[in-house]
Amino acid sequence: MRNRATGMAVVVLVATLLVGDAFAATYGVTPSGSSAVFYVDTTAWADIHYVRNNQGQLNYRMAIVNGRNQYTVTGLSAGDTIDYSFTYWDVPCNCARDTAWTRYTHSGTNPPPPPPDAGTDAGTPPPVDAGTPTGPIVPLYNSTTPLEPSTVQETATAIITRVGDRVRDRHAREDMFQAYDHYLSLYFQHRTHHIEIIDEVAKGGSRITVNLHTIYPYDRPDFRAFFRGLNTVAEYFHNAQFTAVNDYLYTASVNYNAKEGRAIRVGDRMELEVGVFLRQPVEGRFNYYSTTYLYMVGSGGVVPFDVTGAIRDSIPMPEAGWLGGRTTLSSPQSNEPDNRFLQMANNLAPVSAQPFVEGRRIHHTHFGDGSHSEPGNPALTQHQGKLGPNYVAPSCVACHVQNGRALPPATNTTLTKYVVKVGQANGAADPFLGFRLQPRRTSGTPEGEARIANWTYTSGTFADGTRYELRKPNYSFLNNTPTNFSARITPQLVGMGLLEAVPESAILALADPTDSNGDGISGRAHQVRDPLTGVTRLGRFGWKASTASVRQQVAEALNSDIGVTTSVYPSLDCGPSQQGCSGTSNELNNTDLDKLTRYISLLGVPARRNLSDATALRGETLFNNAGCARCHTATLTTSAYHPHAELRSQTIRPYTDLLLHDMGAGLADNLPDGQATGAEWRTAPLWGIGLTAGVSGGEAYLHDGRARNLTEAILWHGGEAQAARNNFANMNSADRNALLAFLRSL
């Protein structure tokens, strides 16, 4: 949304031409009794931004009436003022334009009334399609939601902590092998377990019992506690074998802290690790290691840890580093920067361990031939032959490589790691394409494909004289050229379950759609329709917050990107006039959909780094002072009612408000998305952003991947973020670098 200027001239009515550009549309306002009809003479989309009698700013998508965009403000009296500007899509230049702010003073004259279907400020704009939500926002979860068991239980004699786990290739600190974070072959077969820590010391006792619960018999597994690390990077003071209670339960106990040479006390740091030996014969490898955990005696729950000293001894990570609450991963020690978005939540519940790895298997499955993307894993035959017929990619991982951000391809090559949304100017489906341009087909001719034909480069200068360069993609199409489209690159996946767990009330409390506080920020919630129940939900996911839950987001991607139907979306993405594209089915059953959803929901969030770095800390202050935190909200708290225990009641630091904000004409496209205009985008979470280069092998930011680094990403901010962008541009190089150091620490 545009920030209205001050000292505007008084204009009664007149169509205005943007000076110096023959392609610019005419626009203006016509009075009609107690109403005023605002218009832009174009049939592509247009948005109006206006302030009535110096109150809060309002922003609406205009309606096409009699061959032009119109919006009607009603209930006006003589002398009322409307400060207004427009953002509209200019077809000849294939770009979005902003008009200057102008003041209209209502005179009470009475030309013929406007058409009755023009939008009014008495409510929301006219519906764009049959899926427009109605009614109040209904929370995803509440006090009646069935909850999975808590991972921490307190009894009269002990605090009991339970955590789900998977096998590992090597020990955590063996950076010479780079073999701790990756996944071995057959990781989904017999290779998960959960650890139960029964802490009697917390209740005045002297013993800690550790039980190992498995889904397959283990052969004399090892229990290691209290890290030593003097002779090797995998040495522990306490080394023992678990005692088998039965084929699926093994137990060990410890009552002495050999690290300190005394009995165990509350507050002791007990790092622990399991040595795994699968009972033979078993397919594949039988000997493994496990995740390394830090348990603080007397506290309950494992905590993310950092390391200190020459031996890299484990110490509790300061909570400022817990970007994902207790899901936060411990400080990485295995030198595998590309694997940081692949991990289980650090506090994974026992009930989640096996479904997580089976969900990962589905994530890596080719829905054509059933093959797994990683060698040594058998095909998932029940998912063969489900691909398409029209699709973007054959598997989830084909786009979500390493669960990180995608990178733009070379020019004039197919956009295979993008979703190219298409449709009509009113938000309806493209008659021949539906809502997605799918560049591949299992047989016959594909719908078409999009490419980046070339880039337009512009340059500018910071206040200190330093030069910068920005680029913007120009698209070309084969077979079908949509009039209205939005190209969106693959985002990172971590933290989605936590964002789903944030209560709607917390997000709505951050919204200020009329900019009532006058700070120029007018974030608004995206209300979306639940595809199963039809109730109104709060949109959270996607570049324009167009889906409400992780399950809905996963099901939509399966449907429109891979061509796989589910109970959530049983009909494929088809245009009303499209041939060979119809019917309903349920190809991925609810059990497998739930596994895939759980996997995406419970990926661990990497920790914030450089917590004691003076430059990064100064950059955090600059980030806040520049106004970035007005949209990139640092801290949120998740609900107590989410079904998954890992996600409940967590203090998280995602740096997002999950709201829609007008980002200006420079980032606008010409496709409405539900209630979101072409210029509106959801505030992107910033957690994990500093790991982008390591995970993805390069950097690409913003919805279309145009920004090659964080500096460019900031400089593209406009609209509501223009002031923050200008504050960054006006900093000296040392301050800009400090702010960037802060972002890279996330």
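How many bridges join strand β5 to β6, and in which sense do the two strands run? The first legend below has the answer. A word on the model before the close-ups: it is predicted, so local features need pLDDT of at least 70, side-chain atom pairs count only at pLDDT 80 or more, and totals for chains, interfaces and linings use all residues. Residues are numbered from 1 along each chain as its sequence is written, and side-chain values use heavy atoms, with hydrogens and water left out.

**View 1. The β5–β6 hairpin.** Strands β5 (residues 46-52) and β6 run antiparallel and are joined by five bridges. Strands here (E, at least two residues) and helices (H or I, at least four residues) are DSSP runs, numbered from the N terminus, and two strands pair if DSSP finds at least two bridges between them. Strand β6 (residues 57-61) is mostly covered, with five of its five residues buried; buried means under 20% relative accessible area, exposed over 50%, and partly exposed in between (1.4 Å probe, protein chains only). Gln57, Asn59 and Arg61 point one way from β6, while Leu58 and Tyr60 point the other way.

**View 2. Strand β13 and its partners β12, β14 and β23.** Nine of the 10 residues of β13 (residues 159-168) are buried, so the strand is largely enclosed by the rest of the structure. Strand β12 (residues 152-154) pairs with β13 in the antiparallel sense over three bridges, and Gln153 stands opposite Ile160. These two strands form a hairpin with four residues between them. Strand β14 (residues 192-199) is also antiparallel to β13, joined to it by eight bridges; here, look for Gly164 opposite His194. Two bridges join β13 to strand β23 (residues 287-290), again antiparallel, with Arg168 opposite Tyr289.

**View 3. Helix α7 against helix α11.** Two packed helices are described by the angle between their axes and the distance between the axes. Helix α7 (residues 614-625) and helix α11 (residues 733-745) pack at about 100°, with their axes 7 Å apart. Axes are lines fitted to C-alpha atoms, for helices over the stretch in contact, and angles run from 0 to 180 degrees between N-to-C directions. The two helices are therefore roughly perpendicular (65 to 115 degrees; under 35 is roughly parallel, over 145 roughly antiparallel, and the rest oblique). Among the residues that meet are Leu622 and Phe623 in α7 and Ala738 and Phe742 in α11, where contact means heavy atoms within 4.5 Å. By class, this contact has nine nonpolar, two polar and three charged residues; Ala, Val, Leu, Ile, Met, Phe, Trp, Tyr, Cys and Pro count as nonpolar, Asp, Glu, Lys and Arg as charged, and the others, Gly among them, as polar. Leu617 also lies in α7 and is partly exposed, with a relative accessible area of 33%. Leu617 touches Arg608, Leu611 and Ser612, not counting residues up to four places away in sequence.

**View 4. The buried face of helix α10.** In α10 (residues 722-729), the buried residues are Ala724, Arg725, Phe728 and Ala729. Seen down the helix axis, they fall within an arc of 140°, so they line one face of the helix; the arc is that of the directions from the helix axis to the C-beta atoms. These residues pack against β32 (467-478), α9 (710-715) and α11.

**View 5. Helix α1 against helix α6.** The axes of α1 (residues 353-363) and α6 (residues 590-601) are 7 Å apart, at an angle of about 100°. That makes α1 roughly perpendicular to α6. The contact divides into six nonpolar, two polar and five charged residues, including Phe356 and Arg360 in α1 and Leu596 and Tyr599 in α6.

View 6. Another cis peptide bond joins Gly388 and Pro389, with omega about 15°. Leu186 has a positive phi of about 65° although it is not a glycine.
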